[in-house]
Amino acid sequence: MRRFLVAGNWKMNTDRAGGTALATAVAAADPGPKTDVLVCPPFPYLIPVGEALQGSGVRLGAQDVWYEPSGAFTGEVSVAMLRDTGCSHVVLGHSERRHILGETDETICRKVQAAIAGHLTVILCVGELLEEREAGQTEAVLNRQLAGGLEGISEQDAADLVIAYEPVWAIGTGVTASPDQAETAHAHIRNWLADRYNAAFSDRIRILYGGSVKPDNAQTLMQQSNVDGALVGGASLKADSFLAIVDAARSLAAAE
Ligand code: PGA
């Protein structure tokens, strides 16, 4: 059985005091034995947030990384630096990085390779734009992003991989994919992984849903058989709403 993962993507939000307080509140929660919890603060707050999480089971993740190990890459951060701050996870290929910052599948793949080589667990985000969905291209877009992001990645490399399906039209808009739309896309991703790797591998991989996940829709989304948790943006910035989503995962896991 796959464990649930509820991950908070704080994006470019919070400050040192607010982020630390939020992490302290998240650290105090009990997600139960079958749900993993992760928070991904902005780079400057990784260390204080990591300190606030110490002793709890809540993991620390980054929102991006650069693929070179060191050198003249002004403004960038390496895998080893993230490990040094206590990160275990990194979000890669988020739609804001693809669409606002112009990241290509090729760049994302280099980051995936570097993160895996440096023992960070990768959360690879994929998802279609509204016009792509309306043009019936959702599956083609997912195929392209999966193939591009995972090029050259072996089954062994991908053992800890997490995929996040985040339809771009649902991110930060308040419009959530319906449970059916999410399940259809997740099942497609799982089939793609089974074709590319094998069924046993695909069955183990966690696929998170992201895009306007809130306390009132989290349970129905995570109830879908191929939805193994959530990547939460806006609702992860308040302890109450994030912990309500963690709690939804905990009760679903307990009922299994
Ligand atoms: P949202 O963001 O929950 O605010 O829609 C999700 C994400 O971008 O990961």
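Biologist: How does the lining of the largest pocket divide by class?

Modeller: The lining of the largest pocket has eight nonpolar, four polar and five charged residues, where Ala, Val, Leu, Ile, Met, Phe, Trp, Tyr, Cys and Pro count as nonpolar, Asp, Glu, Lys and Arg as charged, and the others, Gly among them, as polar. This is a predicted model, in which local features need pLDDT of at least 70 and side-chain atom pairs count only at pLDDT 80 or more, while totals for chains, interfaces and linings use all residues. Residues are numbered from 1 along each chain as its sequence is written, and side-chain values use heavy atoms, with hydrogens and water left out.

Biologist: Which residues lie nearest the centre of the largest pocket?

Modeller: Of its 17 lining residues, Lys11, Met12, Gln63, Arg97 and Leu101 lie nearest the centre, and the space in this pocket is about 480 Å³. A pocket here is an open set of points on a 1 Å grid over the protein atoms alone, with protein on both sides within 12 Å along at least five of seven lines, whereas a cavity is a set where a 1.4 Å probe fits but cannot get out; lining residues have an atom within 4 Å of a point.

Biologist: Lys11 again, then: where is it in the chain?

Modeller: Lys11 sits in the loop between strand E1 (4–9) and helix H1 (16–27), and its phi is positive, near 50 degrees, in a residue other than glycine. Thr14, in the loop between E1 and H1 as well, has a positive phi of about 75 degrees although it is not a glycine.

Biologist: Changing topic, which residues line the largest cavity?

Modeller: The largest cavity is lined by Gly93, Ser95, Arg98, Cys125, Val126, Gly127, Glu166 and Val168, and its volume is about 30 Å³. By class, this cavity lining has three nonpolar, three polar and two charged residues.

Key. Points joined across faces, edges and corners; volume = space filled by probe spheres on them. Helix = DSSP H or I, 4+ residues; strand = E, 2+ residues; numbered from the N terminus.
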